[in-house]
Amino acid sequence: MADFKGKHILTGKQFTREEIERILQVAENFKEELKSRPSLDLTRGQILATLFFEPSTRTRLSFESAMLRLGGSVIGFAEASTSSTAKGESLEDTILTVCQYADVIAMRHPQMGSAEKAAKVSTVPILNGGDGAGQHPTQALLDMLTIKTEKGKIDGMTVSLVGDLKHGRTVHALVELLKHYKVNLIFVAPEELRMPQEITESMKSYSVPTKETDSLSSALKESDVVYMTRVQKERFADPAQYEKLKGAFILTRALVDKAKPGLTIMHPLPRVTEITTDVDSYEGAAYFRQVKNGLYVRMALIALVLGKV
Ligand code: NCD
């Protein structure tokens, strides 16, 4: 059986199908257990540190909530400007310090590759909560749990990924998990925001049927799941380019009504304009249920790397 004790969670590329299924199963067990009590007693006395060098609502709070519901404690900062980073301390020195205080570290950083960099010096597991435009594996795992829960399975699904596929770390990580399943992928992006070639090549090498288009309405006609994403403003050097592309794809109720029946709609959030609020009452709008799955998956990851399951 997959053993995660002491391991870092850095990228969607690191998992086998068996490992993905193990994590989802542990997450589902925690979901069940939380139905009868608000928290468990698995990680009492242990400490999670959350080091967030970039804005976050869901990732940080769900990691913290996850550790508290497992029975552990949390320390950390939500803003690099209040840590010694503002005095010029390197990421490595920050990590070497924090692993003297904590048993596991969840971090987010604007630089691609920063989680690997942290893992190189850390004596405790690093959970990557997003490294620039790189990877976001814990989000990808909660997205997999959401597809599984909403659809009852992952194999056989046609999944459209829409929006900023160039900079979006959530989609970069998610396709690395989906490639282990029998899925069809549709990448919907404007020319400027297409999926990086390295990733389309990786899908090819796993023989994942993949299409690229700039038509959301045509993709919706054949999709079981649509995964909307925000145009990643903070990754643009030229604000005019962002302004031009920010409204590239907007999912409205009118579009949903013409989509393949039973469509499941996901979004890692935050949404800006990608999904109009009249979609929220549609029964397949899963994005806030997706948020809840983040809690269970992060409980599973913390418990697994601490060797508690
Ligand atoms: C995403 C992120 O930070 O990459 N948010 C999240 O973790 N749920 C998506 C985004 O910011 O657009």
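Me: Angles under 35 degrees count as roughly parallel, over 145 as roughly antiparallel, 65 to 115 as roughly perpendicular and the rest as oblique. At what angle do helix α1 and helix α11 pack?

Reply: This is a predicted model, where local features need pLDDT of at least 70 and side-chain atom pairs count only at pLDDT 80 or more, while totals for chains, interfaces and linings use all residues. Residues are numbered from 1 along each chain as its sequence is written, and side-chain values use heavy atoms, without hydrogens and water. Two packed helices are described by the angle between their axes and the distance between the axes. Here, α1 (residues 17-33) and α11 (residues 287-305) pack at about 115 degrees, with their axes 8 Å apart. Angles run from 0 to 180 degrees between N-to-C directions of axes fitted to C-alpha atoms, for helices over the stretch in contact. α1 and α11 are therefore roughly perpendicular to each other.

Me: Which residues of α1 meet α11?

Reply: Contact means heavy atoms within 4.5 Å. From α1 come Arg22, Ile23, Val26, Ala27, Phe30 and Lys31. They meet Tyr296, Val297, Met299, Ala300, Leu301, Ala303 and Leu304 in α11.

Me: In what order do the four strands of the open sheet stand?

Reply: Strands (E, at least two residues) and helices (H or I, at least four) are DSSP runs, numbered from the N terminus, and two strands pair if DSSP finds at least two bridges between them. In this sheet the order is β2-β1-β3-β4, with parallel pairing. The edge strands, β2 (73-77) and β4 (126-131), each pair on one side only. On average, neighbouring strands here are turned by 15 degrees against each other, direction ignored. Four bridges link β3 (residues 104-109) with β4; Ala106 has Leu127 of β4 as its bridge partner. Helix α2 (residues 58-69) packs on this sheet and touches β1 (47-52), β2, β3 and β4. The direction of α2 makes about 175 degrees with that of β1. Helix α4 (residues 114-121) also packs on the sheet, touching β3 and β4, and its direction makes about 160 degrees with that of β4.

Me: In what order do the five strands of the open sheet stand?

Reply: The order is β7-β6-β5-β8-β9, and the pairing is parallel. Its edge strands are β7 (210-213) and β9 (264-266), each pairing on one side only. Neighbouring strands of this sheet are turned by 20 degrees on average, direction ignored. β6 (residues 184-188) is joined to β7 by four bridges, and Phe187 stands opposite Glu212 in β7. Helix α6 (residues 169-178) packs on the sheet, where it touches β5 (158-162), β6 and β8, and its direction makes about 165 degrees with that of β5. Helix α5 (residues 137-151) lies across β8 (225-228) and β9, running at about 165 degrees to β9.

Me: How many residues of α6 are buried?

Reply: Buried means under 20% relative accessible area, exposed over 50%, and partly exposed in between (1.4 Å probe, protein chains only). In α6, ten of ten residues are buried, so the helix is mostly covered. Among them are Arg169, His172 and Glu176.

Me: Where is the place of His136, and why does His136 count as buried?

Reply: His136 sits in the loop between β4 and α5. His136 counts as buried because its relative accessibility is 2%. Not counting residues up to four places away in sequence, His136 touches Thr59, Arg108, Asn128, Gly129, Gly130, Arg169, Thr170, Ala173 and Arg298.
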